[in-house]
Amino acid sequence: MATLKDIAQIAGVAQGTVSRILNQDPTLCVTGETRERVMRITESLGYKKNTLRTASSAPTEQEKRIGVVQMFDMEELREDIYYLALKNILDEECFSRQWITVPLYRDERRRFVRRDQAPLDGLFAIGRFTQKEVAGFHEYTDNIVFLDSDPEPMRYYSILPNYHLAVQLALKHLRINGHQLIAYLGGVNTFGDHKELTMDPRFYYYRASQANRDSYDPSLVLDCEMNAKSGYAAMRNFLETYGRPPEAMFIASDSIAPGAMMALRERGLRVPEDISIVTFNNTVLSEYSDPPLTSIELFMRENVRAAAFCMQLLWQGNVRGKRIVVPCELVSRGSVAPAPTDSPPSEL
């Protein structure tokens, strides 16, 4: 019997792309020709989707139907590539296990709904959600795993990046190169686990680390939304106010970096000659920036695999909540240069 992998290999696309086409995922950006090619190959191979299971029929491991909900709508996802990439990796992991993913979308009443009425065996929730939204998930299943939030530690399985370690690695790298007055560009307050405004963990650990070294300076906090447009405005305002960039900067999201870089280029400023930069997330926005930016790698694939493992534990009856914190590492690409020799050295 043909599999998603067979179709993907013949069509020259990823398994995740095949399944999202078959599931008519409206958030998938592919050409009409690619959709038609996948559908032709699917039909020629006689591939059958397991989408007609009813509540009374017991699923096998390979017939599991998994709902996927996301904090952001499509327009917001275009501004935050991290969550879009995390969703794509999650799709690929599910498809490799032959689990059928079922995207859920907000309706006009902002409730998460799916396209069919077949039951779900589990649900992955990507991002942060209100208490009302979380309660609504239980209308579909009690097997819920959260990625990048932890709404109730004693009740749910949650997979989180190690924000503390991430900020430590970023600031340590800058300090090793002699920088002490390190700026922060990103959200000071962002949505917390229940989608209520709270202090962003990246800013919290940045401020605490700088304060412990008597290096915290509020004027070096460039508070902005986590997108390129807001990052551009914040950086441009800083340059207009002070006439020069900070010597070093930690950018709280790759999504902000393109805007910040544009503002710097407009002033004829260069990285790392005029400012050293470390970003957070290590998506293609940092990897293919000009110049490529040093960034914190969050190991999205490891986060997703941990989420899949937790889902299996739920199916086995292990329902007590657990928090899994996945470590990260710094990927150096040369966007950090030593501080000028007349700057005071930093103790590590």
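Me: How many bridges join strand E12 to strand E13?

Reply: This is a predicted model, in which local features need pLDDT of at least 70, side-chain atom pairs count only at pLDDT 80 or more, and totals for chains, interfaces and linings use all residues. Residues are numbered from 1 along each chain as its sequence is written, and side-chain values use heavy atoms, with hydrogens and water left out. Strands (E, at least two residues) and helices (H or I, at least four) are DSSP runs numbered from the N terminus, and two strands pair if DSSP finds at least two bridges between them. E12 (residues 248-251) and E13 (residues 276-281) run parallel, and the number of bridges joining them is 3.

Me: Which strands stand at the edges of the sheet?

Reply: The sheet is open, with 6 strands in the order E11-E8-E12-E13-E14-E16 and mixed pairing. Each edge strand has a single partner, so one side of each is left without a neighbour in the sheet: these are E11 (221-223) and E16 (329-331).

Me: What angle does helix H8 make with E8?

Reply: H8 (residues 201-212) packs on the sheet, touching E8, E11, E12 and E13 (contact: heavy atoms within 4.5 Å). Axes are lines fitted to C-alpha atoms, for helices over the stretch in contact, and angles run from 0 to 180 degrees between N-to-C directions. For H8 and E8 (182-186) the angle is about 170 degrees.
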